[in-house]
Amino acid sequence: MKLSSRMEKLPPIPTLAMNTKAGELRAKGVDVISFAAGEPDFDTPDHIKEAASKALFEGETKYTAVKGIPSLREEICNWVLDNKGVSYDPEKEVVVTVGGKQSVFNSLHCLLEEGDEVVIPSPIWVAYEPVANLTGAKVVLVEAKEENAFKATADDFKKAITSKTKLVVINSPCNPTGCVYTRAELEKLSEVILDSNAMILSDEIYGKILYDGEEHVSIASISEEMKHKTLILDGFSKTYAMTGWRMGYTLGPPEIIKAMDTLQGQSTSNVTTFAQYGGIAALKGSHDFLNDWIEKYDERRKKIVEGLRSIDGIDVVMPKGAFYVFPRINGLFGLEGPDGVLQNSVDVGLFFLEHARCAAVPGAGFGDDNFIRFSYATSTENILEGIDRIGSAVSMLK
Ligand SMILES: Cc1ncc(COP(=O)(O)O)c(C=O)c1O
């Protein structure tokens, strides 16, 4: 059977591939430490589980409005007003999606088509570019330079934007680099966006995971005009350790939200009904647990950065948000290991997996082959042991 030509444009997701490989090794009894998964290692807080469980037993098991139950949409708008300082209409300006991933898929499909251009900084998370390619739009990558902490400047964006640019994507705090755009940087970027025909998709899913006193600013909060040019993507996966619940949301102009609602109605329909009640509890309940989680992430961030910096051939920019580090590993290229000379990030990833029993995701999938991504959403013990193993493996290279 010949598959559609559309599928030829769509590669498998690289972050899952490395995790699967690590799982296969584990099944054979190899003790692999995974730094590959993009999810918190904490469990969903009990009050959220209890609310979903109660809803399930009270019969909340039927279809809801495609865009989500009204009370969840109201709580999202309240939370967004409190946390991002932007006011949205729960009836017309928000849609609850099957994870942030569906928000990417649906917003890009509602806005882009052949002849359009979409500007995406690189390195960045793995989902935007393949989905943009699927719409037929042309992807224009803007280099987010390591020396600028992996942030593209307003000037970089300006140079990439043309009259055909329909959308610009940003992700702050960023997966995989951990960079965080400041208010001043977003103000400059707003001027560029307002001067163009483009909308902006602002992926703010790591907005609550910040270190060193960094502030999360939503570009939609810069001005009322910017609010009308912004789609905010956010969700429950990272902040509340709810990756398996599959629940995210998009906020934006009513005509785009309506189109996303229509597209979702023709594909998945609503997010699982009783899960939506867990979402309400998450937003309304205490967020005290986050202080403890962030303290732990912060300790791990410092340990992993210190450890990676101690290994010859590896260097790291200190991340400011999310739970990833993106070390430069091209200092290992040209060195010979048991399976041959390391030539790219995939070779380094496989070398770490086979010879240090550590799984990380090669930077090639994020747009830069000179790097590799480690998630530090794992215990400090694992981090220290992983660094030890990688250090010993690297010292064997000739
Ligand atoms: C930057 C970014 N945006 C969005 C998502 C989507 O998450 P989910 O679909 O679990 O809500 C992820 C998940 O890894 C991510 O890293």
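How many nonpolar, polar and charged residues does the shell around the ligand have? I looked this up and found four nonpolar, five polar and four charged residues. I counted Ala, Val, Leu, Ile, Met, Phe, Trp, Tyr, Cys and Pro as nonpolar, Asp, Glu, Lys and Arg as charged, and the others, Gly among them, as polar.

Notes on the model. This is a predicted model, in which local features need pLDDT of at least 70 and side-chain atom pairs count only at pLDDT 80 or more, while totals for chains, interfaces and linings use all residues. Residues are numbered from 1 along each chain as its sequence is written, and side-chain values use heavy atoms, with hydrogens and water left out.

Entry on the ligand. I listed 13 residues around the ligand, of which Gly100, Asp203, Ser237, Lys238 and Arg246 come nearest; a residue is near if one of its heavy atoms lies within 4 Å. Helix H5 (residues 99–111) gives the most to this shell, with three residues. Helices (H or I, at least four residues) and strands (E, at least two) are DSSP runs, numbered from the N terminus.

I then checked polar contacts, meaning pairs of N or O atoms within 3.5 Å; within protein, one must be able to donate a hydrogen and the other to accept it, and residues adjacent in sequence count only if both atoms are side-chain atoms. The side chain of Asp203 has an N or O atom 2.5 Å from a nitrogen atom of the ligand. For an oxygen atom of the ligand, I found 2.8 Å to an N or O atom in the side chain of Tyr206, and for an oxygen atom of the ligand and the side chain of Arg246, 2.7 Å. The ligand on its own has 390 Å² of accessible area, and the protein covers 93% of that; accessible areas come from the Shrake-Rupley method with a 1.4 Å probe, and for residues only the protein chains shown count as cover.

Entry on Arg73. I placed Arg73 in helix H4 (residues 70–84). Why do I call Arg73 buried? I do so because its relative accessible area is 3%. A polar atom of the Arg73 side chain lies 2.9 Å from the backbone oxygen of Gly68.

Key:
Buried means under 20% relative accessible area, exposed over 50%, partly exposed in between (1.4 Å probe, protein chains only).
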